[in-house]
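Take a walk through this structure, one residue at a time.

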Amino acid sequence: MLDDIYNAKILEFAGNIPRLGRLDTPQATAKAHSRLCGSTVVVDLNVADGKVCDFAHDVKACALGQASASIMAQHVIGASTSELRELRETMRAMLKDNGPAPEGRFEDLKFLEPVREYKARHASTLLTFDAVVDALDQIEHGSGEQQRADGATV
């Protein structure tokens, strides 16, 4: 049964995560953590004209958290802030309410649909989306902390 969620495509995404690391001067940094499994995702984000112009992340997560973070990183540049907020809600609905998978630039997230049957895995799968929306909120409210790649606050 767990083979459904740890299929070859998910493992491929998890093993090939782009944009790893930290930005030198992000507009916002957000961390999402799953108490259940200990997975953590830290996102650095820059936005210009309502679209993501730079992104990096530090991913310390299980294969599902890594896979969702990988898909996010592959397609986040150029995504609008409203698109990313909607994406988080679409992913929540897909996992928790049997909603449809995302379409368009984030359609690869459909490979995570089998996770809906494993509630204990929802939190780690949603980490990247929660961190991105937290960072967007910080930017929108002007409360983003700038941190250098070495972790120092600017």
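Start at Phe55. Beyond its neighbours within four places in sequence, Phe55 is in contact (heavy atoms within 4.5 Å) with Arg19, Leu23, Val43, Asp44, Leu45, Met72, Ala73, Val76, Ile77 and Val132. This is a predicted model, where local features need pLDDT of at least 70, side-chain atom pairs count only at pLDDT 80 or more, and totals for chains, interfaces and linings use all residues. Residues are numbered from 1 along each chain as its sequence is written, and side-chain values use heavy atoms, leaving out hydrogens and water.

Phe55 also belongs to the largest nonpolar core, which has 41 residues. Such a core is a set of buried Ala, Val, Leu, Ile, Met, Phe, Trp, Tyr and Cys residues joined through side-chain atoms within 4.5 Å. Buried means under 20% relative accessible area, exposed over 50%, and partly exposed in between (1.4 Å probe, protein chains only). Phe55, Met72, Leu84 and Leu112 touch the most other members. Several elements supply at least two residues each, among them α1 (8-15), β1 (28-33) and α3 (81-96). With 7 residues, α4 gives the most. Helices (H or I, at least four residues) and strands (E, at least two) are DSSP runs, numbered from the N terminus.

Now look at the strands. β2 and β3 run antiparallel, joined by 9 bridges; strands pair if DSSP finds at least two bridges between them. Thr40 stands opposite Lys60 in β3. Their hairpin has 2 residues between the strands, and Asp49 takes a positive phi near 55 degrees.

Last, the cysteines. The whole structure has 0 disulfides (pairs of cysteine sulfur atoms within 2.5 Å). Cys37 has its closest cysteine sulfur in Cys62, but at 4.8 Å that is too far for a bond.
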